[in-house]
Amino acid sequence: MSDSSENRCIRLEATLISGKNLKVPSKRIPAGIYVSINIDSQKRWKSAISVLFSDRSAVWGDTVTLSSYASPIISVEIRASYETDRMLGSGEIIGIRKLHMLWDELLNHGDEPFDLSFPPVRGVHPSLTLKVAVVQACNDQDGALPDSLADCEIAQHTDAGHAQFAKYMRSKTVSRLNAAVEHFELVLDQCPASHPDHAAALTNLAWARLKGYIRNHLQDIDTTISLFRDALALHPQRHPDRPFSLYNLSRALNWRYEKKNSAADIREAAQLYHELLPLCPDGTYLRSIAAGIATKYVIGRCNDLPTDAFDEGICLRRVVLELCPVGRQRRPSALDELSDALLSRFMQSGNIDDLDEGIQFIREAVSLCPEGHTGRDVYLNNLAYSLGVYRFDHQGDPTDLDEAIALYEEALRLRHVGHKFRDLSLDNLGCTLVFRFRKRGAIDDITRAISLHREALTLRPPGHPSRDTTLNNLANAFGTRYHKLDVSDDLSEAIDLYRKSLRLTRLDDSERHVILFNLSSALCSRFTQTRKNEDVQEAIDLCQESLDTLPSLHPDRHFSYRWLQEAYLSRYRVQLNPADLSLAIEYFRLASRHPTQGFPRRIAEATDWAHQAEAYQHESDLEAYQTCFELFNSHIMTRSSIISRRKAASAFDGAQLLPVDAASCAIRRGNLPRAVELMEQGRGQQWSLVSRLKTPVEDLELANPKLAHKYLELSKSISNAAQSSATIADRAVADQAATEYRRLTRRWEATVAEIRILQGFSRFLLPPAYEDLHAAARHGPVIILIASQYSCGAIIVPTSGEPDHVPLSSIALADLNILKERFTRAIRHASRMNPKETRTDLIVLLRIVWEEIMLPIVNVLENVLKVKRRSRIWLCPTAAFTSIPLHAANPFLIKADHSKEPCLEDLYVCSYTPTLSALVRSRQLMKKRVTLSFVAIGQGQPGAGKGKALLAVDSELDLVHELVPATANRSTISGDAATRAGALEALEANTWVHLACHGKQDPAQPYYSHFVMRDEHLTLLDIMETDIPHAKFAFLSACHTAVGDKETPDEVIHLAAGLQFSGFKSVVGTLWEVDDSVAKHVVEAFYKYMFHLKEEGVMDCTKAAWALNRATHAVKTKVPLEQRMVFVHIGV
């Protein structure tokens, strides 16, 4: 530029680009940074307030126009603002630079940015990056810059306070602090509560006081915190300065906790950080500082707090976890602490969701600590404890126990000899092996458990704070071995160890009650040997003491009730005092109904209650059975998949006999309707749980369409959740799915409760009353055959009137078990005989069935109920009766006139029904009119390894096609088309089905029973998960399609019942292996009777029982006895 510029007015445009190394002298976190430019001490410009980033930089992009003569004096200031919007004063000075230069010096930089450096602050030089350019020349024009800062007394005192405070922070001179506090107090006096700068004045004073407190120059922290609280109250949600108020208050609380150790302060600080961090954008200085303090200080201090199982404590742990996102070092410990709090609350309340959620969190902690991580052993131990002690004890799933042992083994390997926590791992693994020994009886488990506890005891010598725990655990191992193996010395050893443990345990120890009822149990066991009254009295006193220490909902009260029951019952057996029996029954009642204990233990207690009530003929017997069924229902309802429900139901010894024993009890009490109800409730649980989700709701849709829609949607969601959970292999994912399933179930149950409030729906989905079940006998009597250990008999539910009892006094349960085994052998033998040979063994057995079982029932049908011959009857066998071909009962006698004595199927048309409810449901669904269609599915050439070729299948399919009316929209699927998917699609699309293929009953897992298709098996589970509401009839020309499950109370889980459940109202199935070369004769005769020429085109599935009856009579000369009686009819 030429020298002539010195006499001219120049207008320049300066752009403030950015700043760096912007450290605040007082170390206080600013709301932002701004720049002030002063020209010739007259004209002043102030930039916008820019956020300070984590690298201590700021960005503006603001532009200012400067006009002056050639030699201006320019003052540039960098200042920290402690308010985002309206400022109180000018803020704290970071740097000042006065420039006396020619315009040419500024313009020499051209269009390139240049840096302007400032004196050092805390070891670094702040700097600004600017760029200038000529806008225009001007003649005597004043380009004054606006001055936005008010020069008033409040601002002066504020600025003076900031200046004095910055000097205090550098020099630690108390007089500087006092001066700063004095200035800030004057400002606060001039900014009352109604003043717009009141919050800023409170904060400035509080911050100065806080720093003085930290340096021990001021003692009063409570007033400081009150000032910060008042400031926060003036910064509501969405106020731009709220994040800084949250930070300031949390810092003050942190320091008060540090000096006064008040847990409430650190809890509140964590809550404040939880609110603060989401308000701080990533990359800002405030977030970096707040996140660092939250991670390093607040989380650490919170983790040092005692576990708080109450809602507030768990809320704090959730807050801490959110402060530790994935990738943070402290996340595993935060997960562990939250898990511990949830599990502690579970122990207080028994809420299964707390248990599962706690396990999910500790699983994540383990996953975040791979092999070699220093904390892995701790998290392995805690996960194992959660699974093996808490969840296995509560739910009884053996996979939890096995996983816990594997985890404990790994933790023990990591805790080598000399490790400070090795004693804990030894003790924990020992306890879990004892649990497994109780379940499976492997002697190696109990031997190793005792060895582990002994080693742990050597690591916990006298004086060790946990010695009492190991003594208790070792005693428990000896006591368990005594009960399982009857090692006589073990009981005395256990009692001695329990007493030693109790002497070492403090009165206020939270686990003292465990030792009390453990010792009580051992003394009770000794009483049964010695009959010394002092043993049983001490046992009672110890249990009462344990109850006194436990809150009303503590899960362990169950054990106190249980051992009190055992003590009183033991004394009753010796002294026969009725008061002891009454007390024992009351404690049975309390133990089995204690709401926070897991279902497995409560079911076991209720089952024992039923057995003892039976043994001593106590009037509570029916109540005990009812309690069993209610608990069973609740327990298996918690299982999300059909497979896991059966697994849960089969886990209890003797469970399969409960329904028949309950019915037998009700019969002996003279209450036949109640016997029918209990039988139905106990046996039908697997079916009823699934059928609840498929219950027709037409009446509900008329009464309340919105509620009906809600119910159907939730039912669909639960069904989908159950199906998807069955395929989950990952334990963590399975736990999450189970939690979600329970959440849906609770919503579903709440909706059902709403429905029951509606008029006319009070019994919606409740176990059916006798009045409802009686509808099963509308078209003929239903005969329930009861095989109980107490008595065998039958209940006939007639078409009208009260039920009749038929005692079968000449046969017992043991006889029935022998009889079914003899049938199995006789049928196997007959299958190897020439078709023309007489089946002598079978004839003998069928005579026994006639004389001992069916003849007494026929006498009542004919002589009491006056049931006409050739009428229909339905057989509903239970327990051992399900394996006996009752329909084939035959006297095989010739009368004096040489006529044949009629057999059961000569007298009546017999059908079976798995339950009365199944028959009622099928009849209800019969009301729907549908378009009829018929499909024949055959697979005679299954894949390799799936069974021999069935050479007669194709000819059977051709035969069926010819016999079915042409009006039925016939189709055939066979060969390569007969796949699993093809068969399922055909089942859904057609109303009548004929299946000819291999069938296989899976005795270990009945839901995997299947029909053999070309590719994959078509399983019972596949069929159950397929809704076929319009289906009518199915003929199952396959083996083992009507053989049930022997492991659960629902022994009617088989392929034919599955088809009936899925929607087929009438089903022909088989009891054992079918010979396809002769079965086609039965098939041909059946369809000829089914579709009589005189009734051309008529398809009525209710004729199936009659058609089968006629067909088996018609083929006597062609088909051997065992192949005629193999076919049975189920349904309407």
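1. Let me start with Arg 828, which counts as partly exposed because its relative accessibility is 44% (buried means under 20% relative accessible area, exposed over 50%, and partly exposed in between, with a 1.4 Å probe and protein chains only). Arg 828 sits in helix H32, residues 813–830 (helices are DSSP runs of H or I with at least four residues, strands are runs of E with at least two, and both are numbered from the N terminus). Together with Arg 822, Arg 825 and Arg 832, Arg 828 forms a patch of positive charge on the surface. Such a patch takes residues with over 30% relative accessible area and no salt bridge, with like charges joined within 9 Å; Lys and Arg count as positive, Asp and Glu as negative, and His and the chain ends are not counted. A charge is placed at NZ of Lys, CZ of Arg, CG of Asp or CD of Glu.

2. A word on the basis: this is a predicted model, in which local features need pLDDT of at least 70 and side-chain atom pairs count only at pLDDT 80 or more, while totals for chains, interfaces and linings use all residues. Residues are numbered from 1 along each chain as its sequence is written, and side-chain values use heavy atoms, with hydrogens and water left out.

3. Now the overall picture. The chain has 42 helices and 22 strands, and 57% of its 1132 residues are buried. Of the contacts between residues at least 6 apart in sequence, 71% join residues at least 24 apart; contact here means heavy atoms within 4.5 Å. The accessible surface is about 47,400 Å², and carbon and sulfur atoms account for 50% of that (Shrake-Rupley method, 1.4 Å probe).

4. Lys 211, in helix H4 (residues 198–214), deserves a look. Lys 211 is buried but has no salt bridge, and Glu 92, the nearest side chain of opposite charge, is 11 Å away. Beyond its neighbours within four places in sequence, Lys 211 is in contact with Phe 165, Tyr 168 and Met 169.

5. Turning to the salt bridges, the structure holds 46, each defined as a side-chain nitrogen of Lys or Arg within 4 Å of a carboxyl oxygen of Asp or Glu. Glu 409 and Arg 448 make one, at 2.5 Å from N to O. Glu 409 is in helix H13 (residues 398–414) and Arg 448 in helix H15 (residues 443–458), so this pair ties together parts 39 residues apart in sequence. Arg 448 is partly exposed, at 32% relative accessibility.

6. Buried or exposed: which describes Arg 506 and Asp 508? Both are exposed, and their salt bridge has its closest N and O atoms 2.9 Å apart. Elsewhere, shared partners join Asp 222, Arg 256, Lys 260 and Asp 265 into one salt-bridge network. Arg 256 counts as buried at 16% relative accessibility, and Asp 265 counts as buried at 4%.

7. Finally, two backbone details to check. Most residues other than glycine have a negative phi. Lys 172 has a positive phi, near 60°, in the loop between helix H2 (153–171) and helix H3 (174–190). Arg 531 also has a phi near 60°, in the loop between helix H18 (512–530) and helix H19 (533–549). Lys 172 is exposed at 54% relative accessibility, and Arg 531 is exposed with a relative accessible area of 55%.

Notes:
Patch = residues over 30% accessible without salt bridge, like charges linked within 9 Å, V, L, I, M, F, W, Y side chains within 5 Å.
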